[in-house]
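Thanks for making time this morning.

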Amino acid sequence: MKQIAAIYPFCAEILPVIKLFENLQKEYSLKYIISPKGFGYVEQDAAYACNHPQIGIKVLDEIPFDKDDWSTLLLFEPIMKKGDFFFNEVLHKAIFYGKQVVVFASAEQELLKEIERMECEVRDKIEIRTIRERNLTEYDEKIYIPSIPVILVGGLLEQADCFEVFLKMAEKLRNEGWNAAVFSKHPLGMAFGFYGLDHIWENSVFREEEKIRQINLYINDIVKCTCANIILLEAPDALMKYNAFIPNGYGIRTYMLCQAVTPDYLICCIPFEATDKNFMKAIGQDFLYRFGCEINAVHVANVLLDSADTMRRKQIKILRTNMEFVHQKMKQQINEGSIPIFNVVEDGIDALYDVLINRL
């Protein structure tokens, strides 16, 4: 029987998790989603966070600890931090009211450090799920090229629905009978049986070249042990820098990942304003040079860069536009370029999946 669960904190980055939660795992049934006060989502449909079509799930701003219609609190620390989450207070209240607490986190996240500082009688009642290291000593120094297809999902901006496209592709691969080895950067990916690479990325002992080797060995080890017949990778950062003032991570980790395991197929998530055929052709050539793979398909996101706020804050700030702008842009571009473009949020993953499968 599934455990009835609540997820905290809800924010825009986990909207795809809420949409696909029941489809991607069988352990929990989702009852409540809660955002901290001040996020602006209270009593709104969850899809309001990204201006997507409604999904019929409302957001609360208080965790209903006193209700008996749920048993398990699922906690995680957002990647794109915004505001205060009061994890210490939340954890103590959950345990006081007899709720089971399951924490999804990477080893370096502040949430785990917060738990380590708590008293033992509280800490012992918290289940922590994190990526476990594997013994790779049996391997030699050789970099192993996977003998199965590798799909990479990434974007010019991390906020351009990359996680939604990634999760929908993972679901589609499962439904079509693939035995996929799925590697996500998000801690909640562990709820779906995905693997992660944070234990390598955050290792302060490894030099960059050793991290590349360890990623290669780790992914190949997972493939070998699970008998996977396809690999699905979530890009660990944006695919390229925005400009000289806001580097946007430079795409360094994605470059390193592609040095470790070269993708065969790249799904690129792009803000609707950037879907110009000449621009997509140019960045496709750049990606072929840097990542070893051209763009095979594009998802068009309802994302608009807030240029003034971005330059003022020296970090990427976006606006979520009405989906009608996406429709208009797609109509303009759909017959103008050789790269197939899709709106996965509204139309689903099937058509994009068919394009990739026909290339296998």
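What follows is a walk through this chain, beginning with the overall counts and ending with a single residue.

Please keep in mind throughout that this is a predicted model. The secondary structure of the protein chain comes to 13 helices and 14 strands, and of its 360 residues 54% are buried. If we take the contacts in the chain with a separation of 6 or more, 75% of them are between residues 24 or more positions apart.

Let me start with the sheet that contains β1. This is an open sheet of six strands in the order β3-β2-β1-β4-β5-β6, and the pairing is parallel. The edges are taken by β3, residues 59–60, and β6, each of which has a single partner strand, so one side of each is left without a neighbour in the sheet.

On one pairing, strand β4, residues 72–76, runs parallel to β5 and is joined to it by five bridges, with L73 standing opposite V101 in β5. On another, β5 pairs with strand β6, residues 126–129, in the parallel sense over four bridges, and the bridge partner of V102 in β6 is E127.

Now to the other sheet I want to show. It too is described as an open sheet of six strands with parallel pairing, and its order is β8-β9-β7-β10-β11-β14. Here β8, residues 180–183, and β14, residues 341–342, stand at the edges with a single partner strand each, so one side of each has no neighbour in the sheet. The partner of β8 is strand β9, residues 230–234, and the two pair in the parallel sense over four bridges, with A181 opposite I231 in β9. Lying across β8 and β9 is helix α7, residues 208–226, which runs at about 145° to β8. Helix α9, residues 277–291, lies across β10, β11 and β14 and runs at about 130° to β11.

Helix α8, residues 252–260, is worth a look in this part of the chain. Its residues T254, M256, L257, C258 and A260 are buried, and the buried residues of α8 pack against β7, α6, α7, β9 and α9.

Let me turn to a pair of helices. At what angle do the axes of α5 and helix α13 cross? The axes come within 10 Å and cross at roughly 65°, and the two helices are therefore roughly perpendicular to each other. The crossing is right-handed, and the contact is made by M169, K172 and L173 of α5 together with D350, L352, Y353 and L356 of α13.

As for L73, leaving aside residues up to four places away in sequence, it touches A6, Y8, I63, F65, V90, A94, Q100, V101 and V102.

Is E171 buried or exposed? Its relative accessibility is 15%, and because buried means under 20%, E171 counts as buried. Residues E171 and L20 are 151 residues apart in sequence, yet their C-alpha atoms are 8.3 Å apart in space. Not counting residues up to four places away in sequence, E171 touches L20, N23 and L24.

Terms used:
Residues are numbered from 1 along each chain as its sequence is written. This is a predicted model: local features need pLDDT of at least 70, side-chain atom pairs count only at pLDDT 80 or more; totals for chains, interfaces and linings use all residues. Side-chain values use heavy atoms; hydrogens and water are left out. Contact means heavy atoms within 4.5 Å. Two strands pair if DSSP finds at least two bridges between them. Axes are lines fitted to C-alpha atoms, for helices over the stretch in contact, and angles run from 0 to 180 degrees between N-to-C directions. Angles under 35 degrees count as roughly parallel, over 145 as roughly antiparallel, 65 to 115 as roughly perpendicular and the rest as oblique. A crossing is left-handed if the near helix is turned anticlockwise from the far one by less than a right angle, and right-handed if clockwise. Buried means under 20% relative accessible area, exposed over 50%, partly exposed in between (1.4 Å probe, protein chains only).
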